[in-house]
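Hi,

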Amino acid sequence: MSYLAGLEKRISRMDNTPLDQARQALLAAQRILVTSHIRPDGDAIGSLLGLGLSLKEAGKQVQMILSDGVPAAFRFLEGSQQIRKKPEGDFDLSVVLDCSDFERSGSALNGHPTPDLNIDHHPTNLSFARINLIEVEAVATAEMLARYLPLFGLPLSKPSADALLFGLITDTLGFRTYNMTPRALRVAADLIEAGGDLPSLYFAGLLRRSFEAARFWGAGLSVLQKDGRLAWTTLSMTDRRNAGYLGRDDADLINVLTTVEDIDLIVIFVEQPNGHVKVSWRSKPGLDVSQLAVQFGGGGHAAAAGAEVAGGLQEVQEQVLSATRQLFSENIYNFEGIKQG
Ligand code: AMP
Ligand code: MN
Ligand code: MN
């Protein structure tokens, strides 16, 4: 029996748990709004399509909303063309996926600060919905949804399986993040069995990039700096223009930087057009950067966190690096061969 089918058998044991409440709410609703977070990543869009398409197939009226729209790199996913930036008309249930607080949902909820259902795996989640399904051990919200769909009695067709597998692959950087679990691999196997196309999704989600993105990397790589086991770099608006890169993100440069040896913490600063700087942290186990991100108004996981900080590149860099060094000096962490005590 597959892992998901095994879970399905346990459905009768659920009784007024948040999972059961979620199931009943989804079952009862006819017009459902599903959304995720601004600056959507693979898990945001994968979770949105995974649940949204499944609910549609079950006969629900579904609005799939991302207030920032669908980034070009994700438009190959079946169903992504159905995603809108703004909700239209009424809905009787709102679901927010992979999103730890109301602000991060952007304008998708039309100002309703308490959505009905929040499904997420961020430890910094504020439980801001009426029903909150939060699993911090889940490697992706898509992993949770892959387990929940059968429990909710919802179908898992190929487009949903592709979308969820895409979320799972991208949030784990191809099953290689430190939080990976045997369960996540089993869920991935079930998604492949349901039609998920692992090699294509892996290439599209993690390897393929535009010429402009590669040039943008060049700008960031050329000013990479380090201080002990801390490394950082910046990407300015000028770098972005020169490279012809259209996104406002780091084009995943941070994932390249985490491959540099003898570095335990990477910070990247991406200048934004609105007088803000997007900061991303990536750390090795033993160093929790999520609270550092919260300190700057953001959030995330122990090993991967981000924040959008008001101010110029230089100023934000100084503040953030100073707080980051502080974390380094205060933390008693214990990597192989490095500082202890
Ligand atoms: P990023 O550095 O943007 O790739 O984000 C790393 C992790 O931190 C992801 O899990 C994000 O969901 C989370 N994150 C990034 N920015 C924010 C923010 N402004 N508020 C809350 N969480 C964030
Ligand atoms: Mn996400
Ligand atoms: Mn996620």
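**Ligand 1 and its surroundings**

In S280, a polar side-chain atom sits 2.5 Å from an oxygen atom of ligand 1. Please keep in mind while reading that this is a predicted model. R282 also takes part: an N or O atom in its side chain is 2.7 Å from an oxygen atom of the ligand. With G306 the backbone is involved instead, as one of its polar backbone atoms lies 3.3 Å from an oxygen atom of ligand 1.

**Helix α3 against helix α4**

Moving on to the helices, α3 covers residues 42-57 and α4 covers residues 141-152; the two pack with their axes 8 Å apart, at an angle of about 15 degrees. Angles under 35 degrees count as roughly parallel, so α3 is roughly parallel to α4. The crossing of α3 past α4 is left-handed. On the α3 side, the contact uses D43, S47, G50, L51 and S54, and these meet T141, A142, L145 and L149 of α4. By class, the residues of this contact comprise four nonpolar, four polar and one charged.

**Helix α4 against helix α5**

Helix α4 also packs against α5, which spans residues 158-171; their axes come within 8 Å and cross at roughly 145 degrees. Here A142, E143, L145, A146 and L149 of α4 meet L164, G167 and L168 of α5. Six nonpolar residues, one polar and one charged make up this contact.

**Helix α5 against helix α7**

What angle do the axes of α5 and α7 make where they cross? It is roughly 50 degrees, with the axes coming within 9 Å; α7 is the helix of residues 198-207. That angle makes α5 oblique to α7. The crossing of α5 past α7 is right-handed. From α5, the residues in contact are D162, L165, F166, I169 and T170, while α7 contributes L198, L201, Y202, A204, G205 and L206. Sorted by class, the contact of α5 with α7 has eight nonpolar residues, two polar and one charged.

Do write back with any questions once you have had a look.

Best wishes

Conventions:
Residues numbered from 1 in each chain as written. Chains lettered and ligands numbered in written order. Predicted model: local features only at pLDDT ≥ 70, side-chain atom pairs only at ≥ 80, totals over all residues. Heavy atoms only, no water. Axes fitted to C-alpha atoms, helices over the stretch in contact; angles between N-to-C directions. Helix = DSSP H or I, 4+ residues; strand = E, 2+ residues; numbered from the N terminus. Parallel < 35°, antiparallel > 145°, perpendicular 65-115°, else oblique. Left-handed = near helix turned anticlockwise from the far one by under 90°. Contact = heavy atoms within 4.5 Å. Nonpolar A, V, L, I, M, F, W, Y, C, P; charged D, E, K, R; others polar. Polar contact = N/O pair within 3.5 Å; in protein donor to acceptor, adjacent residues only side chain to side chain.
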